[in-house]
Amino acid sequence: MKPSLFDYVAPRSVDEAVGLLKEDSGAMILAGGQSLIPAMNMRLASPSRLIDIQNIPGLSHITIGNGKIAVGAMARHREVELHDGVAAANPVLRAALGHVAHIPIRNRGTVVGSLCHADAAAEMPMILVLTGGSVQVAGSDGGREIAAQDFFQFHMTTSRQPDEMVVEAHFPALPPGAGFAFEEFTRRHGDYAIAAAGCILTRNGAGAVATVALAACGVSSKPLRLAAAEQILAGSRLTAADIKAAGDAACAAVTAPGDMHATAGYRKHLFATLVRRAVERAAARAQ
Amino acid sequence: MARGKIKPKLPQSSDDPRVSVKLTVNGEEVTREVSVRMLLSDFLRHELGLTGTHVGCEHGICGACTIVMDGKAARSCLTFAVQASGREIRTIESLADPDGTLHPLQQAFQDCHGLQCGYCTPGMIMNILSHLESDTEIDLSDAGVREILAGNLCRCTGYQNIISAVRRAADHMAPKAGQE
Amino acid sequence: MSTRLFGARIKRNIDPQLLRGEGSFIDDIPLAQALHVAFVRSPFARARINSIDISAAVAHPGVAAVYTCDNVGALDIEMPLLIPHSSMHDARTQRPLARDDVYYVGQTVAMIVAVDRYTAEDAAALVDVDYDPRDVEVDLEKAILDGAPLVHDTHEQNIAAHFVQVSGYPDSAIAQAEHVTKIRVQVDRSTAAPMECRAVAAQFDEVTGELTVWDGTQAPISVRGGLASIFKLDEDKVRVIAPNVGGGFGQKVLLFYPDELLVPMAAMQLGRPVKYIEDRRENFVGSSQERTQIHFMELYAKKTGEVIALRDSFLHDTGAFIPYGIAVAQVASTSIAGPYRIPNIWVEFKAIYTPTVPVTPYRGCGRPQACFAIERAMDQLADELGLDRFEIRRRNLIADHEFPYDREGLIFADGLKVSLDSGQYHKALAMMEERLDAPSFASAQAKARAEGKHLGLGLAFYVEGTGLGPYEGGHVRIHPITGKVYVNTGLTSQGQGHDTVFAQIAADQLGVKPEDVILVEGDTKAFDWGVATFASRAAVVSGNAIHKSAMIVRRKALQAAANMLEADVGDVELKDGAAWVKGTDRKVPLSAVATATNPLRYAFNEAAQAATQFAPASRHDGPSLDEGEHPGLEATDYYSPPCATWAYGVHGALIEVDPELCSVTIRKYVCIHDCGNMINPMIVEGQVMGGIAQGLGGAMYERIEFDETGNMLNANFVDFLVPYATEIPDVEILHLETPSPLNALGVKGVGEAGCIAVGAVVASGVEDALKALGGGKFRHTPITPSMIHAALDAA
């Protein structure tokens, strides 16, 4: 189980990296490598060129400001997870990061790398969708910001162009008084989600739902916002009936395909449960 | 290959492009010219002869190849040697004293029968060590220790004795009152 | 003698070396200029090979050789059928490299030898094989139907073996039955997944003609015999070493895997050392697996619950080949009545070829399946008769006074009778009842339900025939210079701590510290009589052989020391590394005794001076060694068991099921275990705990998934879910020690014990937890969340 041969380059600037990407359509960015290298070892991926970005200055930052958390392309999962400013600005990141593989993987793997890998069952893409975040890309024609819902196209496919590199991810801070929850089920600790649901919710003075975001992973070909369920919950007093209706609506909105770890029927049943639990837990945390 | 027959001419090395890798391993600076695709696990084992780091799956699940890189546990099978340039690596070989006296964590594994075949053990120990030596306080509850161990597969022990070993080592390694 | 070491929790001798990272696993052994192997493997479960084009691979830089069936000479053969049996006809075994046909995904088709494994894998991808795929059927029950695609054209309905065994008079007993319970149970395919995959390295010295093979095998002596025979080499010129081996669990007892023959061949042909280090994917698709069996069991009982007859008919999946014969199915069929008296048994199996990885023993070897069948059937019988699960077992367990309890007519996997030799089954069950507080469980369960929690009690009893023959040997020698004790045996360790338990046995006889006993095993140059490590047999068979040899050495040492100390032999004792005149401070170190018993010419140290021919103490008329006398303190003896010795145990658990998540949490797990006298309880508990963890893997997580075309979908640790620490609960292990009457040490095997009952425990607990929700029956492992969901959905 050894990787096939590639051309290795370690640029010193984003511009240089983008130039190297443009030169070779088979090139891939190497950041933490925790998804890419296993795929290469199994020869499921054989990039012709690896562009190692670890020596590019200014990509390892985690900054909080302007209502958002900015995570540089070389910031590791574990650094984001342990960052107290991140936890204060939006605790749903830490809650979700605890489910990303295991600590030695999180020590190396990067949040932006996980977003670019875009596994449909992965936690961080779903968190980007849930929080309404975005990614900043640099390309040969300059930069652009891509909103989460536009970025994720399909399992392991994003709208990043071949000559573009994601340099930063933006996760909006939690709205004031908001409650949050991240509910995931795996058969084994640290594995990709069989299904997961995230919720961010605020309540008005009367206790009814003022704003709500619900998102899911593992149940579709990409991370999803659950708009129909959100509509049911908007303005709701969170009765058991409303929460159940939201769970059912969430289920109706996902394909929840069967695989070796879960039948389609079980995955839907599980997902409805996780959505309910996420809403209940977020509501309990909301002020 | 019978005696008296001319030995066949066989290749000595691959055509892979080489790259210079310079890093610190167990406190010693090393420089080697290796293939760009050489995994750090193979580099440590076969270039440096540090065969204590084992290889169990080469896709990041089993943790047998875990080493400590810049103070943090990492999978050496999911890192190219070239990526480790300029970094500080610690492997299992760095733990015991030169006279062979075991590190308290190693000793705890023996005392608690925390190993059987011993294949997963070096990776397991390097992962635990990174926690015991970190500034963050570790959770020694059953669930807390299991969480630390998750990410390292052991097929022999059923983990129970490893959990005891972690607690025992944490106890032995904790600064005693009056010290520090 | 000082305190007895047998039975003590002695720390393991081997640990410091392994802990320092100084193990010698095969890929750790430095071999200068070694070449590396990768295989081209079949992507089809069943196909005809039209052609193989190796030209691009041969031309690839760094490639030393490419082999197919056409250039492997004497290795273009069907490999041996290891255990012949009359129930098979024309048993099919694999070729090292496929000729004309492939029979499973992963079968070896061509071998690349190159400067490194990276390059070898590059070249493997360049071999162009033209396949003509054929229809396949991987479902066991469909594979035996008329018209199902055949794996081997020679075997109709894909039946590889058919065997019926009978004990007692089942027909007449069935006629007297007042109640019959019928059940179908299924256990799915799994794999051992040792942390170190298999590995073989070979070096040929063309000057001396010696072939050295390092092989992560459980059976080095047998591998040596096979290599010498197939390559037509003198046995003395072939050395097979199994160094540190990172777990085996049965997978490494099969011989030959293709690489075990092809790697030595390449080393001999190319004149360079050659290594094959199997990777994890190859371990999944290329190394043997086990478990799939489907049992149809009928229990014939009296109204009291007393089972008077058992009929069981089962299908056993043997994969594409049957190199290990019917061993797995035979062990299952002879363990089928478990710990119960059941005097009348009819048991039949059909071993079925499927186009999948060949099946050979994996820890448990048919016992988990048999245990699952009988224990689930017992639970069902209890349910149907309105009896408690403990009570139905009490009414059927063999009583202490009934041992040895023979199952006349059944023949075990060693070709010998099934005779359960000793035990305290009722006491074990009573202990479990107490530890689980079973009498009050019903109220605890009701209380939990009121709080919305679903608790169940899981229970299963198992027996395990261990310590199979034919024999093993022990060689014991006290070294003249250091006084250390050297012990050899023919089998090997894959982590079981042989070096420590065998040291305890020898040290007890010779009065030395266990760390002064040095065990060398798994090296045919050190000792080459014996068989292999399998069937929980090392402690029983090698342990008793070493015990016998050590006793001989002890007698010799006492006699020689008595002469040196000028004392009566009855007054001499061995302790602390010396021979002492009892009750005095007069002693002579064992090293000196060993030296003195070896008449010397050259005085190389102080002790040797006393042993030279001209030393005053040695001078006597005539030869230095009398006729029949041997130099030194050394002996070799053997132990050959009369039949298997039967260990047993009972496992119980309190299990919580979350019907929303369909998840299972084990709140408490208790194991009552009896393997006879324990040599080292710490090691016994380690074996049992590890077995339970592996059993939990099989019960809840691990299943090899084939698609309809026979392609393995989870040949990796991402999707084949070996449990982490987070999936395994704490286990409470309690011991009984009922000595085996069959051997001097009174020991029984323990290696496989832990894994046997776990599937039945989990199934029984989950079923109990979901009873109030109408959750149905759980008769199929692994029990997954999807299965629980399906059961609740149907309720």
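# Exercises on a predicted three-chain model

Chain C is divided into domain 1 (31-134 + 192-286), domain 2 (387-468 + 643-794) and domain 3 (469-639).

## Exercise 1. Domains of chain C

Task: State how many residues domain 2 of chain C and domain 3 of chain C give to their contact, and describe the domain 2 side.

Solution. 
1. Begin with the positions: 42 Å lies between the C-alpha centres of domain 2 of chain C and domain 3 of chain C.
2. To the contact, domain 2 of chain C gives 20 residues and domain 3 of chain C gives 17 residues.
3. On the domain 2 side, the elements with two or more residues are β18 (454-466) and α18 (681-701) of chain C.
4. Sorted by class, that side of domain 2 of chain C holds eight nonpolar, eight polar and four charged residues.

## Exercise 2. Chain C against chain A

Solution. 
1. Chain A has three assigned domains: domain 1 (7-52), domain 2 (62-171) and domain 3 (179-285). The C-alpha centres of domain 1 of chain A and domain 3 of chain A are separated by 35 Å.
2. In the contact between the chains, 24 residues of chain C meet 16 residues of chain A.
3. Helix α12 (residues 264-285) of chain A and α21(C) cross at roughly 85°, and their axes come within 9 Å.
4. From α12(A), the contact uses A:Gly265, A:Tyr266 and A:His269, while α21(C) contributes C:Pro785, C:Ser786, C:His789 and C:Asp793. By class these are two nonpolar, four polar and one charged.

## Exercise 3. The fold of chain B

Solution. 
1. Along the principal axes, the C-alpha atoms of chain B occupy a box of roughly 70 × 35 × 35 Å.
2. Of the 180 residues in chain B, 56% are buried.
3. Among contacts in chain B with a separation of 6 or more, 59% join residues 24 or more positions apart.

## Exercise 4. Two helices of chain B and the contact with chain C

Task: Classify the packing of α2(B) and α5(B), then describe the side of chain B that touches chain C.

Solution. 
1. Helix α2 (residues 104-111) and helix α5 (residues 160-173) of chain B have axes 8 Å apart, at an angle of about 140°.
2. This angle makes α2(B) oblique to α5(B), and the crossing of α2(B) and α5(B) is right-handed.
3. B:Pro104, B:Leu105, B:Ala108, B:Phe109 and B:Asp111 of α2(B) meet B:Ala165, B:Arg168, B:Ala169, B:His172 and B:Met173 of α5(B). This contact comprises seven nonpolar residues, one polar and two charged.
4. The contact between chain B and chain C takes 56 residues from chain B and 58 residues from chain C.
5. On the chain B side, at least two residues each come from α2, α3 (121-132), α4 (142-149) and α5. The residues on this side of chain B divide into 24 nonpolar, 21 polar and eleven charged.

Methods: Residues numbered from 1 in each chain as written. Chains lettered and ligands numbered in written order. Predicted model: local features only at pLDDT ≥ 70, side-chain atom pairs only at ≥ 80, totals over all residues. Buried ≥ 20, exposed ≤ 12 C-beta atoms within 10 Å, placed from the backbone. Contact = placed C-beta atoms within 7 Å. Domains from an automatic or database assignment. Helix = DSSP H or I, 4+ residues; strand = E, 2+ residues; numbered from the N terminus. Nonpolar A, V, L, I, M, F, W, Y, C, P; charged D, E, K, R; others polar. Axes fitted to C-alpha atoms, helices over the stretch in contact; angles between N-to-C directions. Parallel < 35°, antiparallel > 145°, perpendicular 65-115°, else oblique. Left-handed = near helix turned anticlockwise from the far one by under 90°.
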